[in-house]
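Here's a quick tour of the local geometry in a protein model. Have the coordinates open and follow along.

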Amino acid sequence: SSSLTPSTSRSSSVTPASNLKGKAPPLIIADSIKFTPASSSVRSSSPAPSMKKPPSPSPSVQSASTSIAQKSKSQPTSASNPPNRPTRIPVPNLILPSWSDTFHTLPRSQVSLPPRAGSEGAFSKTMRFVSGVLFAGDENAQELSDTDREQEKQRRERAERFKYFGKELPRAYDVANPPPPPLSTSTSSSRWGMGKGKGKAKEVGEVKEDVLRGCKRVVVIGVHGWFPGAVMRSVIGTSSKFVNMTVQALEEFQEANGVKLEKITKVPLEGEGTIEGRVTRLYANLKANQDWMDDIHTADAVIIATHSQGSIVSTHLLDRLIQDRHIQTLRPFKVSHKSVVTKTLDAAESVFSSAETLPLPIPLPNMTHLDGSEHRKAQRVCCLALCGIHLGPLRYLSSSSLLQPYFQYFETAAARELFEFQNTESEVSKNYVKALKRVVDHGTKMVYVASLNDQVVPIYSGLFAAASHPLILRALYIDGDAYHSSDFLSNLLVLLIRILNSGISDSGLTMHLSEATAGSLSGVGHSTVYEEISTYTLAIKYLFLTDDGLEDQHPELIIEPFNAATEQNDYEIPWSLRDVIADERVIHFFSREIAELRDAFRDWHPKTTILRDLKRKLQPIQRLPATFHCSSSSKL
């Protein structure tokens, strides 16, 4: 059930493969998953059985492929076959970009740190110069044309210029700290950190990597979105759904990596209303449960899974938990009130002339830990926001004649409040941004997942495309049942997400493309995203398998001004596309993907008028020269 429109609920049974004939896309599906059945957790109200390993990742952009079609052609089509026998493999649901496309490619795969000022001696400079002279030329340099030689020179210059780009971004531990080789040949068949745990490997003393890194206790909080009062009774338990799906993903993560948590605490929070009212009510309910609060104080990690309006509510909840010291983060609390400091440290007035000169880890009475311990270790925090309403619903929803049956719901204060997020200058949006800023300043990792065919929240809103911070990770959910002929557009959107995840601007192109991908008002794209286990797996891997980047290099949260009431000029699309492609950082890190999109454009045959018009505006991508794909490699 959708958290904004009372649309028809999705059936809990998986759609038979026989009903999906002709819906397999020609692109984007990787070979590793083309013949893998759709996840059993999709559209199921009960937790799926534990899997041996998480779904295989798929590349974000693939060249044209006809494997699915060839598979269907190779199957017998005689009349003797039963009529209900599937003739085509269902398309699995996808969460893109894949883990490897985000963390095993540049810029996140670059782990060398910039040298400190004055750290490079004269000998090092001399050797670097000599190496550049001796090895600058390619072995086939004599065979290169002047144009090729110039392009190679530009590629080398870009490689040197962007060597340390993105150093503030979180990196996967297996890239930043690759594991050492096995201790003996008897352990070569067991990958580091992925061994069976028993047998010969244990006898020779193999040490298995602890991917939890000391984490023993986890608290999982679930916060549902907004529902009209008339349908509220039918959706009670959605927060428990989020919690159970997260716990299922945690169990699969433990099994896949051979680790075990001591305790997982489930905290489903229920309650409807406006954002401020919900935050107050849910926070009071949380504090009223002493068992929950005790587990939060002693937890090593806290995970929040939320949806739609709940994304805003959860951010405010996290902010309150951090401000009230119920959650102790990796970063010290910033004291901004001079009066509090001076009043607390009256005895030190003879030593310190003013409160501003005090070194910050001085213990203050109001900073004592709530569980009574002298030293609470820092906790890791991650928030998974599915189809969040960060920039409001689709622009036309408040005035569309198709929504007349739902006007009675939109008249409520909670519904009207959602549309205020369409303007970043509104009071509710400013309050949200302030809370988000404090949350990410304390090291909380945010995961924003949008849905390709969401009929309520546009992709740019679900991704919070106007926000920029290294700890924000974005992804796109693609429902296999709803996927059809818009493969080029999907690949372009996924590439734009990769660009945003790299800390590079998308020049507003995502916002222009979002409304063209909106699902029908009777669809379920807004709610099916939380039925997919891979979304929860992404957040868990981001929490446990990545570091925090160079924290001292983290800039403050940046929000680009946005107002959905301002009419979008679709004729800006070619110029936005040009700005993205002309960015030297995009050329350096994503030239191969841009070239593949150019080559795939001719195979894109949109069916609707909106998409055909969009194709004409994106057509300039075909004018890229064949030499656009530089020889730079973005893979490890």
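## Ground rules

Buried means under 20% relative accessible area, exposed means over 50%, and partly exposed is in between (1.4 Å probe, protein chains only).

The model is a predicted one, where local features need pLDDT of at least 70, side-chain atom pairs count only at pLDDT 80 or more, and totals for chains, interfaces and linings use all residues. Residues are numbered from 1 along each chain as its sequence is written, and side-chain values use heavy atoms, with hydrogens and water left out. Helices (H or I, at least four residues) and strands (E, at least two) are DSSP runs, numbered from the N terminus.

Let's start with the backbone. Most residues other than glycine have a negative phi, and most peptide bonds are trans. Ser507 isn't a glycine, yet has a positive phi of about 55 degrees; look for Ser507 in the loop between H18 and helix H19 (509-514). Arg325 is another non-glycine with a positive phi, this one about 65 degrees. Arg325 sits in the loop between helix H12 (310-323) and helix H13 (338-344), and its 12% relative accessibility is why Arg325 counts as buried.

Then there are the cis peptide bonds. The bond from Leu96 to Pro97 is cis, with omega near 0 degrees, and Pro97 belongs to the loop between strand E1 (94-96) and H3. The bond from Leu106 to Pro107 is cis too, with omega near 5 degrees. Pro107 is in the loop between H3 and helix H4 (122-135).

## Aromatic pairs

A pair of aromatic rings is described by the distance of the centres and the angle of the planes. Here, rings of Phe, Tyr and Trp (its six-membered ring) pair if their centres lie within 6.5 Å; planes under 30 degrees apart are stacked, over 60 edge-to-face, and the rest tilted. By this rule the count is 15 aromatic pairs. Phe103 and Tyr542 make a tilted one, 6.1 Å centre to centre with 40 degrees between the planes. Phe103 is in helix H3 (residues 99-103) and Tyr542 in helix H20 (residues 533-544), so this pair ties together parts 439 residues apart in sequence. Both Phe103 and Tyr542 are buried.

What about Phe488 and Phe601? Their ring centres are 5.1 Å apart and their planes are at 85 degrees, so the pair is edge-to-face. This pair links distant parts of the chain, with Phe488 in helix H18 (residues 487-501) and Phe601 in the loop between helix H22 (584-600) and H23, 113 residues apart. Phe488 and Phe601 are both buried. His605 lies in the loop between H22 and H23 as well, but counts as partly exposed because its relative accessibility is 49%. Elsewhere, Phe162, Phe165, Phe589 and Phe590 form one aromatic cluster.

## A helix crossing

How do H21 and H23 pack? Helix H21 (residues 573-582) and helix H23 (residues 609-618) meet at an angle of about 50 degrees, their axes 8 Å apart. Axes are lines fitted to C-alpha atoms, for helices over the stretch in contact, and angles run from 0 to 180 degrees between N-to-C directions. The two helices are therefore oblique to each other (under 35 degrees is roughly parallel, over 145 roughly antiparallel, 65 to 115 roughly perpendicular, and the rest oblique).

Contact means heavy atoms within 4.5 Å. Ile573, Pro574 and Leu577 of H21 make the contact with Leu614, Lys617 and Leu618 of H23.
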